[in-house]
Amino acid sequence: MPGTPPPACPGVAPIPAAAGIGLRFPHHEAFLELRPPVGWVEVHSENYLSGQALSVLEAVRADYPVSLHSVGLSLGSAEGLDRRHLSRLAALARRVAPGLISEHLAWGAVDHDFLADLLPLPLTEESLAVVCRNLDAAENALGRQLLLENPATYVQFRHSTIPEPEFLTALAKRTGCGLICDINNIVVSSANHGWNAQRYLGSLPAASIGEFHLAGHSAAAGEAAPLLLDTHDRPVPPAVWSLFETALALIGPRPTLIEWDAAIPPLPVLLAEADAAATRLARCTPTTSDDLAA
Amino acid sequence: MTSLLELQRAMRATLLSGGEKSPPELLAGIIEGAVPAAARLGVYRNNVLGNLTGALRLTFPAVERLVGPAFFAAAAAHFIAAEPPAGADLYEYGATFPSFLETFAPARALAWLPDVARLEWAVNNALHAPVAPALDAAALAVVPEARHPDLRFVAHPSLSLLHLTYPARAIWEALLTADAQARESLLAAIDPAMPGSALAILHNSEGLTLLDLSEHAFALARALLSGQILAEALVDASPETAPALLGGFLTQGFFCGYRSADHPSPIASECTQ
């Protein structure tokens with residue numbers, strides 16, 4: 001069902017165009033103790049769907065806007081979505097009232113086997129129809145708009161017919177979804193496929209972009225060299241900061257997330273990265289409510 | 001041209017294949033550039049294996065300590081290829097890992113390994129089960145005593161009952177001791193030939209709770225949680241000890257509701273998941 005998705009439920013704390021951090025288990029205790037001055041927090045939805053971790057998220061949510069970032073919806077699955085998982089996600093969203101909910105342009109499940117990775121899609125009309133259908137189903141179940149993230153990929157299929165930024169633009173146009181512009185993923189995919197990162201960035205529909213992601217990556221060894229790997233295991237490198245500055249100039253300020261998922265450092269290191277993002281956001285044109293609504 | 005579904009099935013087969021060669025038609029459909037198609041797919045194969053092994057490692061840390069990281073990774077790789085997860089909720093992944101370990105030939109010398117894994121699975125369930133209020137004695141008071149024999153108790157979703165052959169609780173506690181030296185001396189003091197025990201594992205008002213149960217208590221708890229009415233469950237129980245045992249189960253939060261023909265209790269939706 002194309003068009004404007006339903007408005008967010010009452011009680012939602014919107015995500016400001018400020019720097020936020022991805023909150024991971026090793027930082028739960030330190031974060032609740034320190035209550036650092038970050039603008040917002042993003043968590044992986046799948047880690048809080050049940051059980052005791054949810055109480056930590058609720059404690060965080062009491063004081064911070066929270067964004068739910070999913071990795072398991074598998075919006076690119078040809079067979080459609082896992083309804084059980086989707087209903088659990090919807091229950092979490094009702095409970096947490098997140099400012100944003102997001103997923104990836106990827107697939108991870110087929111024939112009820114879940115492969116626990118963000119796998120690449122051939123970018124064809126068939127895939128576009130599949131992702132549109134699944135996005136609509138997800139947005140209907142969640143009762144609100146989703147943001148879809150550009151993936152980091154290592155494989156391009158020969159039968160792809162649509163360049164990735166055009167594919168994302170078509171998705172936003174057809175479903176009304178928003179987009180996450182993951183700067184690190186653009187750097188990684190551009191290196192892996194010989195794309196021009198600046199041109200990719202310039203081809204994205206600025207008005208649909210609701211969030212930036214920043215992270216570190218690493219270089220593959222052995223037969224996979226010189227691929228870049230989306231490892232989120234180190235500080236944001238200069239190439240990503242530089243493309244982020246270009247993005248701010250082209251697109252304007254948006255909520256900006258620091259992701260660090262492996263070799264997780266002490267919380268202050270992550271907060272310093274968020275400060276570095278905040279400094280760049282502050283240099284950008286002052287934010288108005290119109291910018292956020294864009 | 002291959003449909004998206006066919007491509008996804010081919011990818012699944014090759015990513016779960018544990019390093020075997022990918023089919024030529026899949027490789028031929030991938031743009032190579034400076035990196036061969038097989039190496040590009042290999043990144044995803046490593047991710048799938050690494051992510052799923054990581055999920056098992058989180059649930060079974062004592063098993064990993066017992067066998068070491070390399071052995072654990074090898075066992076996990078076999079298990080993942082044979083039984084990949086059925087959904088994205090990875091805390092539900094690994095229910096059959098204990099029985100897999102039982103049949104995994106290289107682990108046969110460690111007879112107590114499956115029991116340690118069973119214990120860890122029950123702990124994982126206790127931590128990830130829906131948070132539901134426990135049934136307390138006061139809630140039962142609304143049912144006339146004459147109707148008590150007809151009650152069927154509903155298990156708290158965090159509760160597991162285990163009957164272990166080996167002293168897996170002692171082994172588990174020793175393995176998860178942070179200090180390596182203390183861990184070794186605790187482990188050295190355990191005779192694996194010692195008898196195992198019956199255990200209840202749950203998350204109650206005290207947090208994660210492991211309770212050693214007598215044979216009587218285990219039999220009664222299992223009868224009550226099998227869906228029998230109270231009168232049936234008590235048939236084999238000793239009339240002297242059963243009331244105290246039942247009171248203990250209620251205090252510990254074993255149940256989250258009851259069903260009765262004429263006094264339906266309002267059972268929280270978390271209880272029935």
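Contact here means heavy atoms within 4.5 Å. The model is predicted, so local features need pLDDT of at least 70 and side-chain atom pairs count only at pLDDT 80 or more, while totals for chains, interfaces and linings use all residues. Residues are numbered from 1 along each chain as its sequence is written, chains are lettered from A, and side-chain values use heavy atoms, without hydrogens and water.

Q: Which residues does A:His69 touch, beyond those up to four places away in sequence?
A: Happy to list some: among them are A:Glu42, A:His44, A:His104, A:Glu149, A:His213 and A:Glu259.

Q: Why does A:His69 count as buried?
A: Buried means under 20% relative accessible area, with a 1.4 Å probe and protein chains only. A:His69 has 1% relative accessibility, so it counts as buried.

Q: What makes the link between the side chains of A:His69 and A:His104 a polar contact?
A: The term asks for a pair of N or O atoms within 3.5 Å; within protein, one must be able to donate a hydrogen and the other to accept it, and residues adjacent in sequence count only if both atoms are side-chain atoms. The contact between these two side chains is 3.1 Å.

Q: Why is strand S6 of chain A largely enclosed by the rest of the structure?
A: Six of the seven residues in S6(A), residues 113–119, are buried, so the rest of the structure largely encloses this strand. Strands are DSSP runs (E, at least two residues), numbered from the N terminus.

Q: How do you know that S5(A) and S6(A) pair?
A: Pairing needs at least two bridges found by DSSP, and these antiparallel strands have three.

Conventions
Buried < 20%, exposed > 50% of the residue type's maximum accessible area, 1.4 Å probe, protein only. Helix = DSSP H or I, 4+ residues; strand = E, 2+ residues; numbered from the N terminus.
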